[in-house]
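Have a look at the sequence and the 3D view below. We'll go through them together, one piece at a time.

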Amino acid sequence: MLFKNKSAIKWTWPWLGIILCLLPTGCEDKSTEYYNRGCNYIDKEQYDLAISEFNSAIKINPKLFRAFFGRGNAYYKKGNYEKAIRDFTKAVEINPKYLYAYIYRGLVYNDKGEYDLAISD
């Protein structure tokens, strides 16, 4: 037996998980960092940088519906309606309850003059 003192094992085990999370590779999901930076770039109207950050977030976590929404918003602000619709649609596919994706997709359809699709969203 490696450990003779079982109480030492009970005390050490929970701390091991915490220590591992503090290592550089850590437990934190980097996609959240990229997503937050993308949102900051949107606020600064730096849409190309925002798209790049959202791309990085999506690459790490392809189920991060908010990253698809954020990238779609950046495309929308740039006037790239087709890519915006694609990303808003993907956000809805991942999370059908995410209302903002429907609203913004409807705004894009409205701006394109596709009023029936805008109303359906």
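Residues are numbered from 1 along each chain as its sequence is written, and side-chain values use heavy atoms, with hydrogens and water left out.

Let's start with confidence. pLDDT is the predictor's confidence in each residue, on a scale from 0 to 100. The protein has a mean pLDDT of 83, and 77% of its residues reach 70 or more. Residues 8–28 are another story: pLDDT stays under 50 there, and the model has 5 contacts for them beyond four places in sequence. Where pLDDT is low, the predicted coordinates should not be read in detail.

Now for the helices, which are DSSP runs of H or I with at least four residues, numbered from the N terminus. Find Ser31 in helix H2 (residues 30–43). Ser31 has a relative accessible area of 1%, so it is buried. (Buried means under 20% relative accessible area, exposed means over 50%, and partly exposed is in between, using a 1.4 Å probe and protein chains only.) Which residues does Ser31 contact, leaving aside neighbours within four places in sequence? They are Ala57, Ile60, Asn61 and Leu64, where contact means heavy atoms within 4.5 Å.

Glu53 sits in helix H3 (residues 47–60). At 13% relative accessibility, Glu53 counts as buried too. Not counting residues up to four places away in sequence, Glu53 touches Tyr34, Arg37, Gly38 and Tyr41.

Next come the rings. Rings of Phe, Tyr and Trp (its six-membered ring) pair if their centres lie within 6.5 Å; planes under 30 degrees apart are stacked, over 60 edge-to-face, and the rest tilted. That rule gives 9 aromatic pairs. Take Phe69 and Phe88: their ring centres are 5.5 Å apart and their planes are at 40 degrees, so this pair is tilted. The pair links distant parts of the chain, with Phe69 in helix H4 (residues 65–78) and Phe88 in helix H5 (residues 81–94), 19 residues apart. Phe69 is buried at 11% relative accessibility, and Phe88 is buried at 0%.

Tyr76 and Tyr104 meet another way: with centres 6.4 Å apart and planes at 85 degrees, they are edge-to-face. This pair also links distant parts of the chain, Tyr76 being in helix H4 and Tyr104 in helix H6 (residues 99–112). Tyr76 is buried at 18%, whereas Tyr104 is partly exposed at 24%. Ring pairs join a cluster that includes Phe69, Tyr76, Phe88 and Tyr104.

Last, the charged side chains. A salt bridge is a side-chain nitrogen of Lys or Arg within 4 Å of a carboxyl oxygen of Asp or Glu, and the structure holds 7 of them. In one, the closest N and O atoms of Lys30 and Glu33 are 3.6 Å apart. Both of these residues lie in helix H2, 3 residues apart, about one turn of the helix.

Lys78 and Asp48 form another, at 2.4 Å between the closest N and O atoms. Here the pair links distant parts of the chain, with Lys78 in helix H4 and Asp48 in helix H3, 30 residues apart. Lys78 is partly exposed at 43%, and Asp48 is exposed at 52%.

Technical notes. This is a predicted model: local features need pLDDT of at least 70, side-chain atom pairs count only at pLDDT 80 or more; totals for chains, interfaces and linings use all residues. Helices (H or I, at least four residues) and strands (E, at least two) are DSSP runs, numbered from the N terminus.
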